[in-house]
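Please examine the sequence and the model shown here before reading the explanation.

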Amino acid sequence: MSDLFAFNGAKGAGWAQPKPSIEREILISLIPKKLRRKSLPKWPRASEPEIVRHYTWLSNRNFGIDNGFYPLGSCTMKHNPRVNEKIVQLPGMDKIHPLQPEHHVQGLLAIYFEMQEMLATCSGMDQVTLQPVAGAQGEFTAIRCIQEYHRQQGQGHRSKVIVPDSAHGTNPASASMCGYDIIEIPSGDDGRLDLEALKSAVGDDTAAMMITNPSTLGVFEHQIAEAAEIVHSAGGQMYYDGANFNAIIGKTDPGRMGFDAVHYNLHKTFSQPHGGGGPGSGPIGVKSHLSQFLPTPLAGRRNQVEADPKGVDDGYWYFWQDVGENSIGKVQQWNGNAGAVVRSWAFYRRYGKELEKMSEHAVLNSNYLRHRIMNPDPEIAKKIHVMPLNGAPADLVMHEFTLSLTPLKELHGVTGKDVAKRLLDYGVMAPTLYFPTIVPECLMIEPTETESKEVLDKFASDLHKILSEDPDLVTSAPHTTDVKRVDEVWAARNLILKHPGNESGQ
Amino acid sequence: MDQMPNLGREKEMLDVLGLNTMDDLFANIPLEIRRNTPLPLPEPQSEEEIWADASRLLGANITLEDRPSFLSAGLVRNFVPTAVAMLATRGEFLTSYTPYQPEVSQGMLQAMWEFQTMVSELVGLPVANVSMYDASTAAAEAITCAVRVHNRKAIQKGVVFVSEYTPPHRLAVIKNYTQGAEIEIKTLKHLENGEVDMTSIKDAEGCCAVYVEQPNCLGMLDDTLLDIKELIGEETALIVGVDAVSLGIIDPPGSWGADIVVGEGQAFGIGPTAGGPIYGLFACGDKYIRQMPGRIVGLTKDTDENKAFTLTLSTREQHIRRHRATSNICSNETLIALMGAIHMSLLGPEGLERLALRVAANTELTKKAISSIKGIELVDPGKYNFREFAVKLPHLASEALTYLDKLGVIAGLDLGIWWKSMDHCLLIGVDDRTSESDIESLYLGLSEWIEVNK
């Protein structure tokens with residue numbers, strides 16, 4: 001095991017940098033005594049080759065899309081085009097300060113403006129802000145806008161936000177952070193939104209409903225327009241969780257479904273790499289009645305006039321537009337995750353008006369894989385102990401689907417988690433596990449549009465193999481990974497959250 | 001399209017499904033809400049064309065590399081070691097998701113555990129999380145965390161005192177994040193000389209938390225802050241926002257009683273990158289662990305008793321606790337935190353100190369040069385500054401900025417943008433790379449501006 005804190009070379013080892021332009025002793029003497037640091041932090045002392053080797057070793061112990069199939073449902077783990085990484089390292093991106101004057105950043109503003117327009121077009125919204133830096137922050141921002149809207153309308157008493165029980169955990173968490181009470185409504189027997197339950201949940205206290213469509217079961221809520229009607233007639237606002245936006249681009253949009261606000265996950269739909277948990281980017285789009293509340297500023301443009309400095313030669317002058325006195329202010333201190341915006345811009349430019357094809361292929365792959373899994377070859381079927389149940393009761397799913405492994409658990413004691421761990425031995429990432437919670441022993445699978453038919457065929461056949469394996473082999477999985485099954489309970493009980501330091505250490 | 005392997009093989013796959021067209025896949029979307037027209041977007045582009053457009057557009061920007069720059073205000077024009085991006089963007093790191101399956105994510109988990117250790121050491125507190133979005137959301141969530149911990153015993157229920165030297169964009173984030181928890185933000189006052197007003201500290205007695213920054217947003221360090229924990233006591237959290245690099249030479253808040261330390265991590269790991277992605281640092285004392293926001297990695301073992309790492313304390317988080325979670329944060333800034341970790345490990349303790357000393361030296365030189373210009377006065381004379389200092393100009397700061405911009409110098413930030421009353425004040429920020437000739441350009445530019453406006 002490579003231990004970073006075991007590197008304890010000579011003082012000053014590591015990366016070379018120029019000397020300070022004033023002597024150390026003089027500089028230290030200038031600091032008021034009380035403010036001086038007494039001892040340096042216990043950081044490793046290592047040379048560049050040692051550090052390069054350490055992090056390369058660590059990277060070899062990590063699994064990304066580049067290593068193999070990553071069917072993590074609701075996370076849209078698609079391929080990240082490499083040119084995007086090169087683009088964000090351009091000095092015109094990396095070496096820009098967000099407070100530089102507008103005539104320094106015409107190119108960046110042009111990209112911001114184009115992204116605002118593109119996202120509004122694809123979602124049927126009137127105005128987009130790129131400031132929120134993650135999906136959850138987008139939810140929070142949109143609910144804050146809705147909250148201020150209600151207050152302005154004299155409807156500040158509306159205190160409840162409705163979410164279906166299949167919603168992402170961030171939905172209730174975001175609304176709760178805004179100060180709302182949450183009403184969770186049960187899904188129908190088919191896993192879909194239950195309109196009767198919704199009708200009895202709405203009232204004069206409804207502020208908004210938050211819902212994703214397609215749902216986390218991968219099912220399109222075909223009664224979504226009726227649901228919007230119910231919420232609107234009670235005076236509530238409709239919020240679209242865009243985590244599953246990859247499924248519908250060009251086919252329908254939240255505007256048509258009756259939503260007032262939506263967030264986009266640029267790191268899902270538009271391929272900002274997930275980087276082990278972030279950065280993300282969670283722009284939001286709203287209908288015009290909410291736009292005065294958006295965080296400030298937005299990217300704006302006007303026709304270029306002769307007096308303007310040189311722009312980007314497209315006839316426009318771009319600027320930061322203040323949203324005005326009703327704006328909720330800021331949710332991130334600058335203008336969002338610009339790097340994610342620029343990567344997503346490059347991604348979308350690859351597809352342009354054919355973005356629809358991306359959604360078509362995401363849905364094709366999802367249905368194809370589901371079909372393969374649920375319809376094994378007869379020879380294989382004979383060997384399978386128990387087939388999983390379809391978690392999503394629909395003939396056709398959207399970009400993702402769910403399986404329930406309840407029969408396997410009941411008959412052989414093999415849980416969804418066991419199967420997930422065993423899949424790791426087959427060189428793929430496990431699907432999302434135990435979510436949505438309304439599907440027992442749930443595996444949630446999202447293949448995305450960037451996987452080939454062969455990868456999907458192999459995944460189905462690997463899953464079938466696992467369902468034919470000795471249950472003991474499966475319940476003790478994984479067997480071939482860097483470490484065996486990890487004890488999460490021990491971690492929570494003992495809470496060793498930092499390196500204790502080495503004997504030989506500083 | 002080169003990004004989709006099954007393009008051109010649709011029929012083969014549709015046949016398996018018993019469908020005829022790609023549109024059949026969308027049969028569950030009612031016709032009334034279908035889009036029937038193509039998206040009004042441009043033609044698809046090839047990689048070459050995208051690269052050309054990106055280079056043209058981003059190439060039209062004027063960067064901080066192009067000219068002497070004294071614009072900082074919380075973001076740093078740093079030099080990031082070349083190895084950092086090369087290692088962090090290895091596909092295994094770059095294209096992984098949150099490590100929900102620890103058995104195949106040991107690399108990122110260990111790297112984040114090491115990150116937690118280095119941040120903890122840097123700020124002098126026992127626990128750090130895997131990152132927040134930025135310094136402002138870290139400050140905001142530190143406040144909500146502190147209220148959850150202290151509100152029960154607090155005499156001033158739900159009240160938090162926030163330093164009046166908190167920049168307005170951060171205060172706006174704090175207000176958005178705290179209004180839903182019915183937290184009342186009161187202003188912690190400072191004296192004319194910039195030091196914290198001890199009568200205001202007295203007013204804060206019995207509240208849930210006090211938020212201060214060291215250095216403050218004008219770059220000034222206040223040694224009286226080191227005494228305030230004793231005054232506010234154990235039942236009120238002391239939250240301190242820091243300049244992370246300064247801690248190479250400045251006493252870390254953990255050693256003078258801070259309960260939560262937050263700050264911008266960007267100086268370690270990534271360029272200013274137009275304001276994002278950057279990352280917020282969040283570290284705290286033991287009693288806040290179960291109320292803290294964000295992801296955290298713990299050491300554990302596998303079934304063979306081998307050392308292993310895993311995400312832990314996830315019962316605080318939204319995917320388990322839903323509306324009762326400590327925060328809604330899900331995606332954070334892990335990859336940028338990884339860049340930070342690599343940068344920190346390359347620096348090592350003495351490298352950190354040297355980096356801080358370089359900034360300190362450039363602060364001294366710039367401050368000395370600029371304050372020697374007749375007509376320019378330091379806003380906080382006689383105080384120790386790190387990275388930034390504010391000066392009062394004889395005319396509007398915005399005019400000075402425009403004048404120097406024409407000379408090819410980014411002279412700093414017009415403080416009138418933050419506070420109308422400071423529209424004659426300029427915030428000048430240096431970094432490790434500020435050169436003598438940069439300082440000279442600023443000196444000559446400001447002198448000339450004053451001269452022509454006499």
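The model is predicted: local features need pLDDT of at least 70, side-chain atom pairs count only at pLDDT 80 or more, and totals for chains, interfaces and linings use all residues. Residues are numbered from 1 along each chain as its sequence is written, while chains are lettered from A and ligands numbered from 1 in the order in which they are written. The model has an ipTM of 0.97 and a pTM of 0.98.

Domain bounds come from an automatic or database domain assignment. In chain A, domain 1 covers 4–60 and domain 2 covers 355–490; their C-alpha centres lie 47 Å apart. Chain B is assigned domain 1 (10–54), domain 2 (83–343) and domain 3 (349–452). Between domain 2 and domain 3 of chain B, the C-alpha centres are separated by 29 Å. Their contact draws 15 residues from domain 2 of chain B and 19 residues from domain 3 of chain B; two residues are in contact if their C-beta atoms, placed from the backbone, lie within 7 Å.

Helices from the two chains also pack against each other. Helices (H or I, at least four residues) and strands (E, at least two) are DSSP runs, numbered from the N terminus. Axes are lines fitted to C-alpha atoms, for helices over the stretch in contact, and angles run from 0 to 180 degrees between N-to-C directions. Helix H13 (residues 355–374) of chain A and helix H1 (residues 10–17) of chain B have axes that come within 10 Å and cross at roughly 45°. H13(A) is therefore oblique to H1(B); angles under 35 degrees count as roughly parallel, over 145 as roughly antiparallel, 65 to 115 as roughly perpendicular and the rest as oblique. On the H13(A) side, A:Leu364, A:Asn367, A:Tyr368 and A:His371 meet B:Glu10, B:Met13, B:Val16 and B:Leu17 of H1(B).

A second pair consists of helix H12 (residues 338–351) of chain A and H2(B), whose axes are 10 Å apart at an angle of about 140°. This angle makes H12(A) oblique to H2(B). Here A:Ala346, A:Arg349 and A:Arg350 of H12(A) contact B:Ile50, B:Asp53 and B:Ala54 of H2(B).

Beyond H2(B), B:Ile62 is found in the loop between helix H2 (47–59) and helix H3 (82–88) of chain B. Is B:Ile62 buried or exposed? It is buried because 21 C-beta neighbours lie inside 10 Å; the cut-offs are 20 or more other C-beta atoms within 10 Å for buried, 12 or fewer for exposed, and partly exposed in between, with C-beta atoms placed from the backbone. B:Trp113, in helix H5 (residues 106–123) of chain B, is likewise buried, with 22 other C-beta atoms within 10 Å. Apart from neighbours within four places in sequence, B:Trp113 contacts B:Val297, B:Leu299 and B:Phe309.

In chain A, helix H16 (residues 416–425) is largely enclosed by the rest of the structure, because eight of its 10 residues are buried. Among them are A:Val419, A:Leu423 and A:Leu424. The buried residues of H16(A) pack against strand S12 (432–433), strand S13 (442–445), helix H17 (453–468) and helix H18 (471–475) of chain A. After H16(A) comes A:Gly427, which has a positive phi near 80°.
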